[in-house]
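Here is a short report on one protein model. Keep the structure open as you read.

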Amino acid sequence: MTLRLRYVAGVSPAKWLRAWAERRPDLPLEAVRVEQPEQLAEVLAGGADLAFVRLPVEAEGLHRIPLWEEVAVAVLPKDHPLADAAELTLADLEHEPAAPAQPDPAMTVELVAAGTGYAILPHSLARLHHRRDVAAVPVTDAAPTRIALVWRVERDDADIQEFVGVVRGRTTRSSRGESDDDATGSEAGSPKKAAATPPKGGAGKAASRGRGTGRAASARSGRTARKRGGRGR
């Protein structure tokens with residue numbers, strides 16, 4: 001018997017595959033990447049047990065756990081005047097030509113590199129299909145996309161729930177009832193938000209400055225405590 005998992009491009013399931021192999025060596029996990037237009041096909045047909053999909057999807061007959069959001073980026077030719085921007089808005093792109101939409105993101109990026117225009121993609125796909133002749137810039141007001149884990153309602157058994165637990169980070173000692181992220185109805189728990197890292201821009205620098213500020217505050221607190229201690233002696 002095998003647990004059959006499908007996932008769209010941009011999802012990297014390696015950590016869950018490793019965790020599953022350690023927890024359930026008796027039940028191998030078969031993971032196969034699928035194209036986004038067919039992301040639900042095997043699950044609905046019974047050829048797969050679970051799938052990491054990119055929302056939105058038709059949820060009838062499915063349990064669904066929204067997981068993390070993907071930052072939207074503008075993919076531009078490397079020599080484009082906006083390619084060196086730290087971030088953009090949709091207004092910045094208003095008068096720029098858009099590359100012809102393609103079902104294959106790799107082809108979309110290729111058309112961008114050929115100079116046909118820009119494309120807005122999830123950061124994960126832009127990173128997966130990155131080329132030296134294009135740049136990816138975060139678009140601050142573009143709608144993010146979201147990845148979700150889905151499975152059929154009639155396939156909701158202990159094995160499925162154990163894999164859901166692995167994705168949710170529950171340990172072998174945790175019971176399903178101890179988590180507030182469990183599936184209820186067709187929407188499984190509240191969305192778990194994970195910060196997506198933009199390919200460039202000021203977000204990472206701001207976080208770094210925040211950590212530096214925290215360390216400086218801690219050092220000042222320590223010096224104050226030592227001074228007070230000296231007065232006590």
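## The second largest pocket

Strand β6 gives the largest share of the lining of the second largest pocket: four residues. The model is a predicted one. Find β6 at residues 119-122. Then look for α3, at residues 105-113. Both α3 and β6 supply at least two residues each to this lining.

In total, 20 residues line the second largest pocket. Nearest its centre lie Q102, P103, P105, L121 and L125. The space inside the second largest pocket comes to about 260 Å³.

## A buried strand

Now turn to strand β8, which covers residues 145-152. Why is β8 said to be largely enclosed by the rest of the structure? Seven of its eight residues are buried, so the rest of the structure largely encloses it. Buried here means under 20% relative accessible area.

## The partners of β8

Which strands pair with β8? One is β3, at residues 50-54. Strands β3 and β8 are antiparallel and share five bridges. Another is β4, at residues 62-70. Strands β4 and β8 also run antiparallel, with seven bridges joining them.

Look at A148 in β8. V53 stands opposite A148. A148 is also the bridge partner of P66.

Note on methods:
Residues numbered from 1 in each chain as written. Predicted model: local features only at pLDDT ≥ 70, side-chain atom pairs only at ≥ 80, totals over all residues. Heavy atoms only, no water. 1 Å grid on protein atoms, 1.4 Å probe; cavity = no way out; pocket = protein on both sides within 12 Å on 5 of 7 lines; lining within 4 Å. Points joined across faces, edges and corners; volume = space filled by probe spheres on them. Buried < 20%, exposed > 50% of the residue type's maximum accessible area, 1.4 Å probe, protein only. Pairing = 2+ DSSP bridges.
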